[in-house]
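Work through the following exercises with the sequence and the model side by side, and try each task before reading its solution.

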Amino acid sequence: MASAQVTSGRWEGATIVVLEIGYTGNHSDRGTTQSVSDALKQYVGSTYTVKYHANGGNGSMDDQKFDMDSTVPLYGNRFTRTGYQFSGWNTKKDGSGTQYSDYNPIYNIANAGEVVDLYAQWTPNTYTVYFYSGGTGSGGGSSRSFTYDQAQNLPNPADVGISSINGTFTSWNTEYDGSGTSYQAGQSVKNLTADEYGSIYLYAQWKTTHTVHFRAYNATPEYFEDQRVADGDSATKPTDPVRPGFVFRGWTTGNSDDSSLYDFSTPVTEDVWLYALWDSYPYTIHYDANGGTGTMPDQNVASDPSVNTATLKSNEFNYNGRVFTGWNTKRDGTGTAYKENTSYAKLNITAANQIITLYAQWTTAKVKTIDAVTVKCAYSACYPVLPNEVKIHLSDGSTVVENVDWNKDQLDAIIDKGQSGLHLGDVFYIDSTSIVGFLNQRIRAKIVASDTIAPSLQGLDTVAARTNDTSFDTMYGINAIDDNDGDVTRNIKVSGNFDISKTGDYQLTYTVKDAAGNEATGNRTIHVTDDNIATITFNPNGGIGSMSPQTVTTDGSYQIFRSTKFTRVHYNLESWNTKADGSGKRYNAYGDWLENSDVPSNGKITLYAQWEHATYTVMFYPNLPNDSGIGIVNSQNIKYDEYEKLAGNTCMDPGYTFIGWNTEKDGSGTSYSDEQQVKNIYDKYGYSITLYAQWKANKYTVQFNANGGTGTMPSQTLTYDKNERLNRSTFKAPAGKMITGWNTKADGTGTGYDYCAPVKNLLTSGSITLYAWYSPIRYSSISVQTPPKKPRIRQAKRSIRQDLWYLRYRTMAILCNYQGASTRFLSRT
């Protein structure tokens, strides 16, 4: 063992003991006092080592040796760690030791020969997640800060200011169109990116929301409920509605009581309206004679999907000396009264198979009188509205109201008279045919052709009056015309408060009656003002009709003009103008602003109607040969009295060529070419016209190829959509074969057609080649039955082969030329 006393440096005063492992030299050299540097150099060495550790990172770094008593920087970090930034070195893994920065200069941080462990320190990256709406949503732009390796819950759209009026939120997605990675609201996520200060964009994804409307109008109370359902999801069945006397059967999208029930597992892909279906309770009505004699069978009322109505039976009981007056739920008549042979929907049915007892009601009184029936109808067209009931006065002072039926033939005869057969004051009569409960009673209704139409009040537009203008008359511009009495302006009565000395708006009521007592009522406002006023006279300027003058203020306020009474055939009122030719000042048709400067000094202004051509409508129907049910595909508005080019045809039908338009589907009307210049082609009513596209079937050409045979064969022209037979082959078949058909491909892999068979629509236009198709001649027999003409075989020397060829040719000729013949030929072996 050797030792050295440290005489200088950081370890001054310390004794370094060096184990003697292999000492060489003189014994006198032991135990000498040396400097620490000399001692370390002699016994330990002059360097120490720094070892670098990734501490969760990746990669490798060489150890670094440092000379004692020298200042040298640490190595720069070469480790990496996903999602983290390097923040320095530390002598402890957890960073609780001595901290060093990257490239930190160090001096004697360890003794010679020692090893110092430095651990990389890491700071997690932060990144920002931005939230936006995709699809039908709105709002967005808010963000949340995230730290790498730290989980965080994603927000709901509402938490970041995103919403959708017509959508249900489904998820967040990294792509606007939802094609990226999806995340749920509230989902715990981390490490969406490893980049420091990185940005992630998440887009709210929506399903279109539909509304399912539930309606039960007959429920008590009326039932209204709406559900918002995401596209593709199913609706939830709500609480059943309640309807007295009925059992709820379910919901339907249909409009009839027998519509199928809605399946609540059906995916909702559009707004849905569901209506309640009901079944009424079945019940029984028992009729009680209540002192009378006779019998009446019970009346069974079956369940019904829409009503629980029952038509009560006519009384069949008798009670000597008494008259039947109706039915009642109480024997003594203190309950609910019902009339015989009358329908009732409210019989207080609360459960299925309930029995309702109705008691006959009797009186000893006799019929005294029946109230007379007088009905007025218009003398221009008489449609009498007769009462369904009559009031009957009995001898005991009581009254009953019973249903009455009227003579239908008499009623129809009056209706059929029409205007030409009616005159004011004409009187007709219609007899009753029966009065319920009073079989022997009759009544006659009086029908009077009368003036039933009220007069027409005109000029009720708002007018202006100058304060203290005592010449102003509240009847200014007002008149009344009756269809029978003519001008009844003199009969107009004016009511309401009006003070010409005070400014303001006064609403007056105008009432007028004609000689028949028909009354019309209307209101108008009179604007009393201190401002200047002007009187407008309206000129039809080529139109017809009349309009009363109108007084308006000229203070620059908007004035509503009188409703125009002018008309002009094929024209619409476009505006008013102070000049007939339209070169003056223009005013809108329904009203405009008037200034003092617009009005001459006399306060009077004439406005001339300005007319523009009205339009009629041309409707275009495609009228396709194979789909005539298609409706209008186009329409065009054309001005009256002006030329305009018809809209071009945009329809197509394979196999057909468009050849123009016609006013009739079958082309029997007036024809027009495509885009023809036309003028006033409206129908007899002057409003519109319908044009039907006309089509011509295309011709196409069939070319024939011998396909190994010899000879020629001319082409054949066929018409689209028409069944036609292919021509008989003129080719000579190869030796030992016969033609048996045609094919669109030479090798027979195309579409095949029988020889001389009817064909249709081989193509829409152009040409097609058919290749002859042959089969070997192998017969077990040849037989022709019921041909139109027996084949004659000339007696001559022929070979068997020639005979077979002749029979084959003749048989096929018969087959091709005689439709309907019962033929059996070419029985093959």
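For the exercises on linings, note that Ala, Val, Leu, Ile, Met, Phe, Trp, Tyr, Cys and Pro count as nonpolar, that Asp, Glu, Lys and Arg count as charged, and that the others, Gly among them, count as polar. Keep in mind throughout that this is a predicted model.

**Exercise 1.** Find which residues line the largest cavity, and sort them by class.

*Solution.* Begin with the search of the whole structure, which finds one cavity of 30 Å³ or more; the volume of the largest cavity is about 40 Å³. Next, list its lining, which consists of F620, V633, N634, G648, N649, T650, C651 and W661. Finally, apply the classes given above: the lining has four nonpolar residues, four polar ones and no charged ones.

**Exercise 2.** Describe the largest pocket by its volume and by its lining.

*Solution.* The volume of the largest pocket comes to about 440 Å³. Of the 23 residues in its lining, those closest to the centre are F324, E340, G437, F438 and L439. Turning to the strands, you will find that β24 (323-328) and β32 each contribute at least two lining residues. Sorted by class, the lining of this pocket holds ten nonpolar, eight polar and five charged residues.

**Exercise 3.** Work out the order of the strands in the six-stranded open sheet, and say which strands lie at its edges.

*Solution.* Recall that strands of a sheet pair through backbone hydrogen bonds, either parallel or antiparallel. Here the order is β28-β30-β31-β32-β33-β29, with mixed pairing. The edge strands, each of which pairs on one side only, are β28 (367-370) and β29 (373-378). On average, and with direction ignored, neighbouring strands of this sheet are turned by 40° against each other.

**Exercise 4.** Classify the aromatic pair formed by F131 and W172, and explain why the pair ties together parts that are apart in sequence.

*Solution.* The structure holds 46 aromatic pairs, and the one formed by F131 and W172 has 5.0 Å from centre to centre and 65° between the planes. Since planes over 60 degrees apart count as edge-to-face, the pair of F131 and W172 is edge-to-face. F131 lies in strand β10 (residues 126-133) and W172 in strand β14 (residues 167-173), so their pair ties together parts that are 41 residues apart in sequence.

Note on methods: Residues are numbered from 1 along each chain as its sequence is written. This is a predicted model: local features need pLDDT of at least 70, side-chain atom pairs count only at pLDDT 80 or more; totals for chains, interfaces and linings use all residues. Side-chain values use heavy atoms; hydrogens and water are left out. Two strands pair if DSSP finds at least two bridges between them. Helices (H or I, at least four residues) and strands (E, at least two) are DSSP runs, numbered from the N terminus. Axes are lines fitted to C-alpha atoms, for helices over the stretch in contact, and angles run from 0 to 180 degrees between N-to-C directions. On a 1 Å grid over the protein atoms alone, a cavity is a set of points where a 1.4 Å probe fits but cannot get out, and a pocket is an open set with protein on both sides within 12 Å along at least five of seven lines; lining residues have an atom within 4 Å of a point. Grid points are joined across faces, edges and corners, and a volume is the space filled by probe spheres set on the points. Rings of Phe, Tyr and Trp (its six-membered ring) pair if their centres lie within 6.5 Å; planes under 30 degrees apart count as stacked, over 60 as edge-to-face and the rest as tilted.
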